[in-house]
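Keep the sequence and the coordinates at hand.

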Amino acid sequence: VSLFSGSGELHGLYIGNPSGFATDRAMSLGVIGVALDTGTVTDQTVVIDTINLITPKVTLEISQNGNNFQALQRNVAANTASDSQEDKPKEEKKVFIRDIWIKGTEVTVAVTELGGRSVTVSVPDLHLTNIGSEDAGVAASQAVDQIMAAWGKQIAEAVTLDISVMDLLNEAGIDLGSAEDLLFEGAGQLSDLPGEALEELP
């Protein structure tokens with residue numbers, strides 16, 4: 001982000017899948033555009049005018065034993081518990097986010113038992129406003145939690161309403177179950193993924 005204009009873009013970040021899955025990546029984040037109020041950079045609460053996440057791609061790989069996001073969340077929980085024992089708590093910067101768009105999301109649902117065979121589903125655009133408050137703000141991790149929870153719910157609904165997904169899972173003998181429980185239960189934990197899970201594409 002430029003300190004002069006307050007805007008910037010980040011390209012080609014992704015979250016890799018844990019071992020044991022047929023697909024390589026859980027999420028490719030596409031283009032992330034951010035515009036912030038440069039006058040608040042040194043304040044206790046940083047005001048972010050807009051965040052645009054464009055064409056992210058999510059891969060939900062499902063098996064008889066669960067799915068890749070559940071495995072990621074277990075890894076996050078173990079990593080967070082380890083860090084909490086070693087690190088002293090640090091004061092977290094607070095943010096107020098005025099406007100967020102997540103556009104062009106595509107979700108690929110793959111089945112491990114079928115060798116990673118998949119179906120791709122388009123997800124409606126998501127628009128969120130006023131995360132936190134301009135006066136008090138909200139911890140950055142809590143802001144990410146709120147965004148991920150809303151996005152995860154929308155993704156889960158799109159996946160469970162798609163007939164092609166249901167046919168694929170039925171073929172593998174997998175019960176999709178509750179969408180929210182299956183896909184992004186505690187989705188905010190993804191904001192705590194260890195650094196090695198978030199890599200820049202070549």
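Leaving aside its neighbours within four places in sequence, which residues is Asn 17 in contact with? The model is predicted. In it, Asn 17 is in contact with Thr 23, Asp 24, Arg 25, Ala 26, Glu 61 and Asn 68, once neighbours within four places are left aside.

## Asn 17 and its loop

Asn 17 is found in the loop between β2 and β3. Is Asn 17 buried or exposed? Its relative accessible area is 15%, under the 20% cut-off, so Asn 17 counts as buried.

Two polar partners of the Asn 17 side chain can be named. One is the side chain of Asn 68, in a polar contact of 2.8 Å. The other is the backbone of Arg 25: its oxygen lies 3.3 Å from a polar atom of the Asn 17 side chain.

Strand β2 covers residues 13-16. Leu 13 and Ile 15 point one way from β2, while Tyr 14 and Gly 16 point the other way. All four are buried.

The partner strand is β3, residues 25-28. β2 and β3 run antiparallel and pair over three bridges. Gly 16 has Arg 25 as its bridge partner in β3. Arg 25 also lies over the face of Tyr 14, at 4.2 Å from the ring centre.

## Trp 101 in strand β8

Trp 101 is found in strand β8, residues 94-103. How accessible is Trp 101? Its relative accessibility is 27%, which lies between the 20% and 50% cut-offs, so Trp 101 counts as partly exposed.

Not counting residues up to four places away in sequence, Trp 101 touches Ile 51, Asn 52, Leu 53, Asp 125, Leu 126 and His 127. Asn 52 is 49 residues away along the chain, yet the two C-alpha atoms are separated by 4.9 Å. The side chains of Trp 101 and His 127 are joined by a polar contact of 3.5 Å. Over the ring of Trp 101 sits the charged end of Lys 103, 4.9 Å from the ring centre. As for ring-ring pairing, the structure holds zero aromatic pairs.

## Gln 146 in helix α2

Gln 146 is found in helix α2, residues 140-160. At 40% relative accessibility, Gln 146 is partly exposed. Leaving aside neighbours within four places, Gln 146 is in contact with Ile 131 and Val 138. Gly 132 is 14 residues away in sequence, and its C-alpha is 9.7 Å from that of Gln 146.

## The whole chain

The protein has four helices and 13 strands. Of its 202 residues, 42% are buried. Among contacts with a separation of 6 or more, 74% join residues 24 or more positions apart.

## Confidence

The average pLDDT is 81, and 79% of the residues score at least 70. Where is confidence highest, and where is it lowest? Strand β11, residues 126-131, is highest at a mean of 97. Strand β13, residues 198-200, is lowest at a mean of 43.

Over residues 185-202 the pLDDT is below 50. This stretch still has 43 contacts in the model beyond near neighbours in sequence. Where pLDDT is low, the predicted coordinates should not be read in detail.

Terms used:
Residues numbered from 1 in each chain as written. Predicted model: local features only at pLDDT ≥ 70, side-chain atom pairs only at ≥ 80, totals over all residues. Heavy atoms only, no water. Phe/Tyr/Trp six-rings, centres within 6.5 Å; stacked < 30°, edge-to-face > 60°. Lys NZ or Arg CZ within 6 Å of the ring centre and 35° of its normal. pLDDT = per-residue confidence, 0-100. Helix = DSSP H or I, 4+ residues; strand = E, 2+ residues; numbered from the N terminus. Contact = heavy atoms within 4.5 Å. Buried < 20%, exposed > 50% of the residue type's maximum accessible area, 1.4 Å probe, protein only. Pairing = 2+ DSSP bridges. Polar contact = N/O pair within 3.5 Å; in protein donor to acceptor, adjacent residues only side chain to side chain.
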